[in-house]
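Hi,

Here is the structure I promised to pass on. Have a look at it first, and then read my notes below.

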Amino acid sequence: MRSALVEVEDLYLSVPAGPLHMQRKPILQGVRFAVPEGARAAYLGPNGAGKTSTFRVLCRLVRPDRGYVRYRGKPWIPPRRMGFLPEQPYFYRNLTPRELLRAFGRLVGMRAPDAAIRHWCARLEVAHVLDQRLSACSKGQLQRIGLVLALLHDPEFLLLDEPMSGLDPLGRELVAEVLREVAAQGKTILFSTHILGDAEDLCDHAIVLHKGRVRYEGAMEALLAGEGRKYRIRFRAAQAWEGARALGGGVQEVVCGAEEKEMLFARLVQAGAEVLELAPLRRSLEEAFSELIGEDRGDA
């Protein structure tokens, strides 16, 4: 079992609300989760769930009402060990990407950032805009430059708020490839996204937040399996099997629950059928997400 790199415990956050800001609106209500070291963790939830607010607390941009964040068992996350990409990165538009990245490199103590700048800009296919003003860059280019900024100082923990925002399909595929490469190097990633297919493809850990509370935390595989896991049995038999779907070439398929699969398998073998496959069925992340959020999701 992997040890936790980041631990969030009983996090509460509220903001001023109402006439003259005399009231408080709860945003986070006892948020608690852990990100295992080396995990690719998705932080999921509908709009208004509190994802960006959680990230702001992790970056110490806002102070929570209660609760704490620990990094390797110590309070808070050392800034130089974390790379952060906000949902809408804001840059000084009259700078060039090279000037921006060099300035950031100096801020985090890099003596010679140029090699890292060249490497990550080439990898994320923005090297050709290094010396043009940021005001002339497209939204997708700005998003990838923001990711270069997060990766530049070789952090061990990446905190990414909607990293695929503003990217076309090719850009999303490129960023996904880079994140897989970074994860293979042992980095830990926590990112939020509304594109559930990206989270399902990239992540091995999931945290689902709704109305300021964690509804699920754990392995992505367990979330997709669900409680009432079903199994698919494919087999070849001379005669049609009751309840089975014909796939052609004499192959048939039947779906059953976990409690039925052993009995059905034995019946098929006894009947002389050739069992080709017995495999668990996975629901999609979208199906699992909708089930967790339930009928409340429209109020988020």
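What volume does the second largest pocket have? It comes to about 320 Å³. Of the 21 residues lining the second largest pocket, N47, G48, A49, G50 and K51 are the closest to its centre. Strand 2 (23–36) and helix 1 (51–58) are the elements that give two or more residues to that lining. By class, the lining of the second largest pocket divides into four nonpolar, nine polar and eight charged residues.

Before going on, some ground rules. This is a predicted model, where local features need pLDDT of at least 70 and side-chain atom pairs count only at pLDDT 80 or more, while totals for chains, interfaces and linings use all residues. Numbering starts from 1 along each chain as its sequence is written, and side-chain values use heavy atoms, with hydrogens and water left out.

On a 1 Å grid over the protein atoms alone, a pocket is an open set of points with protein on both sides within 12 Å along at least five of seven lines, a cavity is a set where a 1.4 Å probe fits but cannot get out, and lining residues have an atom within 4 Å of a point. Helices (H or I, at least four residues) and strands (E, at least two) are DSSP runs, numbered from the N terminus.

Now the largest pocket, with a volume of about 560 Å³. It is lined by 24 residues, and M82, F84, P86, F104 and L149 lie nearest its centre. Strand 6 (82–85), helix 2 (97–107) and helix 4 each supply at least two residues of this lining. By class, the lining of the largest pocket has 20 nonpolar, three polar and one charged residues.

There is also one cavity of 30 Å³ or more, and about 40 Å³ of space lies in the largest cavity. Its lining is made of R40, L179, R180, I189, F191, L202 and C203. Helix 5 and strand 8 (188–192) are the elements that give two or more residues there.

Helix 5 turns up again in a helix pair. The axes of helix 4 (residues 139–151) and helix 5 (residues 169–184) come within 12 Å and cross at roughly 10 degrees, so helix 4 is roughly parallel to helix 5 (angles under 35 degrees count as that). In helix 4, R144, L147 and L151 meet L174, V175, V178 and V182 of helix 5, with contact meaning heavy atoms within 4.5 Å.

Finally, the overall layout: the protein is divided into domain 1 (4–224) and domain 2 (227–282). Their centres, taken over C-alpha atoms, are separated by 44 Å.

Cheers

Notes: Axes are lines fitted to C-alpha atoms, for helices over the stretch in contact, and angles run from 0 to 180 degrees between N-to-C directions. Angles under 35 degrees count as roughly parallel, over 145 as roughly antiparallel, 65 to 115 as roughly perpendicular and the rest as oblique. Domain bounds come from an automatic or database domain assignment. Grid points are joined across faces, edges and corners, and a volume is the space filled by probe spheres set on the points. Ala, Val, Leu, Ile, Met, Phe, Trp, Tyr, Cys and Pro count as nonpolar, Asp, Glu, Lys and Arg as charged, and the others, Gly among them, as polar.
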